[in-house]
Amino acid sequence: MSILLISSIFLVIIFLFSSLVLWRINTRKFISSGTVASAYDSWTQDKLLERLWGEHIHLGFYPLNKNIDFRAAKIQFVHELVSWSGLDKLPRGSRVLDVGCGIGGSSRILANYYGFNVTGITISSAQVKRAIELTPQGCKCNFKVMDALDLKFEDGAFDGVWSVEAGAHMNNKTKFADQMLRKLRPGGYLALADWNSRDLIKTPPSMLEKIILKQLLEQWAHPKFMSINEFSNILITNKHSSGQIIFENWNSYTNPSWFDSIFEGIRRPNAILSLGPGALVKSIREIPTILLMDWAFKKGLMEFGVYKCRG
Ligand SMILES: C[S@@+](CC[C@H](N)C(=O)[O-])C[C@H]1O[C@@H](n2cnc3c(N)ncnc32)[C@H](O)[C@@H]1O
């Protein structure tokens, strides 16, 4: 064997080993919303997530029996949720709040395509900074650092409230729902998408499932997953909602995102390599969690819930 081959194998082993060590010892266990803020600050500052996933830190919508690109699927997701939730019935100029807005991918589509006046809030100051950098002048979006569990707006200030994949980071889901519904005007539209577990009381998890759920919570700063039924009951019983909640499980549309997010690194290797060897280790470190997510969503241990209701 040539020296080159031996040293390449050696390098690969070192990379895999350090990623595995990072994965095991450097979990991002939820302690408070501060843990979530620092996890997203670091994901934003190292640029890796943005290079690979683009402006949207959420899964894509893959129409059944149709091939669609990873990034196009994320944009498609926003349009699908807008039309499914009825948000597109709001006139241009309506005020929409994006709760847990990331770096503003959805907010900009809601502003540019649907003509809404969007306020995005996130717990991460690095995300707000990046969202502002990415937003061209004239786009009706503004971004603020704010805790979703303590929204500093007047009650009824918004015609629409939008939140995608933020709820799994909230340690108090009742307060999360209450805060959003309070800020919605009577008759306004709520559009929500989130990661849920299946109903674990009805179908208790096996030992293996418990271990996997623990990893899914600890790796990406999640305090608790809730089932779709449990969360919709919270929405139904909230005094600010009309009481009519419609929800669906979109696993079949979103599941391809997991494998696709790994292939994205292979399709665009430069996106990672140009950030240096540290970025390679960091990206390999996320692979076990992505594979576990893929497994859990495919097995139905996790469910991608979408919810809509009126204020
Ligand atoms: C998976 S990302 C989704 C980002 C964005 N919705 C998107 O689709 O691109 C989760 C987002 O929720 C935000 N988040 C988590 N906990 C939060 C909290 N307590 N208050 C405000 N934002 C929070 C994170 O900062 C991050 O922006």
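I take two strands to pair if DSSP finds at least two bridges between them, and I take strands (E, at least two residues) and helices (H or I, at least four) as DSSP runs numbered from the N terminus. The model I looked at is predicted, so local features need pLDDT of at least 70 and side-chain atom pairs count only at pLDDT 80 or more, while totals for chains, interfaces and linings use all residues. Residues are numbered from 1 along each chain as its sequence is written.

**Entry 1, the sheet**

I started with β4 and β5, which run parallel and are joined by six bridges; in this pair Gly160 stands opposite Tyr189 in β5. On the β1 side, strand β1 (residues 95–99) pairs with strand β4 (residues 158–164) in the parallel sense over three bridges, where Val96 has Gly160 in β4 as its bridge partner and Leu97 stands opposite Val161 in β4.

I then followed strand β5 (residues 184–197) to β7 and found antiparallel pairing over nine bridges, with Arg310 in β7 as the bridge partner of Tyr189. β6 and β7 also pair in the antiparallel sense, over four bridges, and there Asn249 has Gly305 in β7 as its bridge partner.

Written out in order, the open sheet of seven strands reads β3-β2-β1-β4-β5-β7-β6, with mixed pairing. Its edge strands are β3 (141–145) and β6 (246–249), each of which pairs on one side only. I noted a twist that averages 15 degrees from one strand to the next, with angles run from 0 to 180 degrees between N-to-C directions and axes being lines fitted to C-alpha atoms, for helices over the stretch in contact.

For burial I count other C-beta atoms, placed from the backbone, within 10 Å of a residue's own: 20 or more is buried, 12 or fewer is exposed, and in between is partly exposed. On that count β4 is mostly covered, with seven of its seven residues buried, and strand β7 (residues 302–310) is mostly covered too, with eight of its nine residues buried.

I sorted residues by class, with Ala, Val, Leu, Ile, Met, Phe, Trp, Tyr, Cys and Pro as nonpolar, Asp, Glu, Lys and Arg as charged, and the others, Gly among them, as polar.

I followed α2 to its packing with α6, where the axes are 7 Å apart at an angle of about 40 degrees. That makes α2 oblique to α6, since angles under 35 degrees count as roughly parallel, over 145 as roughly antiparallel, 65 to 115 as roughly perpendicular and the rest as oblique.

With contact taken as C-beta atoms, placed from the backbone, within 7 Å, Tyr40, Asp41, Thr44 and Gln45 in α2 meet Ser125, Ala126, Gln127 and Arg130 in α6. The residues of this contact divide into two nonpolar, four polar and two charged.

I picked Val128 in helix α6 (residues 125–134) and found it buried, because 22 other C-beta atoms lie within 10 Å. Leaving aside neighbours within four places in sequence, Val128 is in contact with Thr122, Phe143, Lys144 and Val145; Phe143 is 15 residues from Val128 in sequence and 5.8 Å away in space, C-alpha to C-alpha.

Ile234 in helix α9 (residues 228–237) is partly exposed, with 19 other C-beta atoms within 10 Å. Not counting residues up to four places away in sequence, Ile234 touches Lys173, Thr174 and Ala177.

Lys47, in the loop between α2 and α3 (48–53), has a positive phi of about 70 degrees although it is not a glycine, and Lys47 is partly exposed, with 14 other C-beta atoms within 10 Å. Glu165, in the loop between β4 and α7 (173–183), has a positive phi near 55 degrees and counts as partly exposed, with 19 C-beta neighbours inside 10 Å.

Technical notes: Two residues are in contact if their C-beta atoms, placed from the backbone, lie within 7 Å.
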